[in-house]
Structures are given as structure tokens and as C-alpha cells.
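I wrote down what I looked up, in the order in which I looked it up.

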Amino acid sequence: MGLLTVQHRKLTALGVKPVGEVQWQFLYRWLYGVIEPATGKTFMLEFSHLDSLCFETFLTALAQAYPNDLHLIQLDNAPAHRAHALQVPDNIILLFQPPYCPEVNPIERLWQELKRVLAWRHFDSLHELQQAISQWLARLSPAQVRSLTQWGWLIDALCVAGI
């Protein structure tokens, strides 16, 4: 998420473009997260970059927060996720989805919802953006996470795969 305004559809008359204040600052913060679709549990951390070092730090924090659980994390093929020097904790398994298939990753629905909530909002600083995201995450209930991410066909496929 960044200070660049998230432009989204607005309800307007036919042929009328939506009007909204747009900010063009390219200052970003990265929200790393995992979800458990069956229970709605989330684990999120914010970082200044999207790189393998931050991703490794995130994985280590997740492994330490839930040391007795085995974590199967579905990922896209971003370079930060596939770095050769990446040290993955023993209780984490990385499962890479096919290229160009974000629709099979449940957390993408959560990111879409966050972008919908932030659409057309203007933030004067990264701190204001961080506060808005933190407030949204604090209000996000496990039931909401489940409703966004728990697709029957996906859960069935994971069960058939023995995961």
C-alpha cells in the first residue's frame, strides 16, 4: 500500500468518468500476511520493502509466533519469495502457485478488500496510511476473513491433496 491513490470504480452516470482527488507520491509500505481460511486467523507484519530479507524476517516471525504448527504458505512467484539465499524455518513449507493465477490464492481476496476500503482516500503521510490500515486490520474479524477467503472448492482441493 502506498500514498499513490487507489483508483477504483465509482457509481456515475453513463459516460461520466469518476472524479476523485488523486495523489501521485510513490511512497510505499508493504504488508506481509498469511491467513488460515478455515479459521479466519491472520498474521500480518508491515515492512519498508518487498525483498527476500524482509520476507525471511516475516517467515521467522511467523515460525516463532506459532512454533508448534506446520505452516503451508501459498505464494506467487515474486523474486522475493524465490530467492536462493532464503532461509525458510523448519515449520514452514512454501507452495508456489502457477504463474499469473492470483485468483487461486485466498489472501488476494483480502488484499482486494483492503484496496476497496482505501479507494479514493487521500493520505498526507505514510503514517496516516499506516493508521488507516491498522484500524482496518483491528476491525477485521475471523468471520470476515473466512467469508472473503474460504472458498469451498479451494478447501476441498487442499483436503484431497492431503494438506
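I began with what covers the buried residues of α1, and I found that the cover includes β1, β2, β3, α2 (79–82) and β4 (92–96). For the covering I counted contacts, meaning heavy atoms within 4.5 Å, and I took helices (H or I, at least four residues) and strands (E, at least two) as DSSP runs, numbered from the N terminus. The buried residues of α1 are Cys54, Phe55, Phe58, Leu59, Leu62 and Ala63, where buried means under 20% relative accessible area, exposed means over 50%, and partly exposed lies in between (1.4 Å probe, protein chains only).

I note here that this is a predicted model, in which local features need pLDDT of at least 70 and side-chain atom pairs count only at pLDDT 80 or more, while totals for chains, interfaces and linings use all residues. Residues are numbered from 1 along each chain as its sequence is written, and side-chain values use heavy atoms, with hydrogens and water left out.

I then checked the length of α1, which has 14 residues and reaches 20 Å from its first C-alpha to its last, close to the 20 Å expected at 1.5 Å a residue; the expected span is 1.5 Å times one less than the number of residues in the helix.

Next I looked at the chain as a whole. Buried residues make up 32% of the 163 residues, and of the contacts with a separation of 6 or more, 53% come from residues 24 or more positions apart. The chain exposes about 10300 Å², of which carbon and sulfur atoms supply 57%; accessible areas come from the Shrake-Rupley method with a 1.4 Å probe, and for residues only the protein chains shown count as cover.

I turned to the strands, counting two of them as paired if DSSP finds at least two bridges between them. Strand β1 (residues 30–36) and strand β2 (residues 41–47) pair in the antiparallel sense over seven bridges, with Val34 opposite Phe43 and Ile35 opposite Thr42. Four residues lie between the strands of this hairpin, and in it Gly40 takes a positive phi near 85°. The strands β3 and β4, by contrast, run parallel and are joined by five bridges, and there I found Ile73 opposite Leu94.

Leu70 is in the loop between α1 (52–65) and β3 (71–75), and I class Leu70 as exposed because its relative accessible area is 61%.

How many salt bridges does a search of the whole structure find? It finds one, where a salt bridge is a side-chain nitrogen of Lys or Arg within 4 Å of a carboxyl oxygen of Asp or Glu. The side chains that meet in it are those of Arg116 and Glu113 (2.5 Å, N to O), and both residues lie in helix α3, three residues apart, about one turn of the helix. Arg116 counts as partly exposed because its relative accessible area is 44%.

My last entry stays with α3 (residues 107–118), which also contains Lys115 and Ile107. Lys115 is partly exposed, with a relative accessible area of 40%, whereas Ile107 is buried, at 8%. Leaving out residues up to four places away in sequence, Ile107 touches Gly33, Val34 and Ile35. Ile107 and Pro37 are 70 residues apart in sequence and 8.7 Å apart in space, C-alpha to C-alpha.
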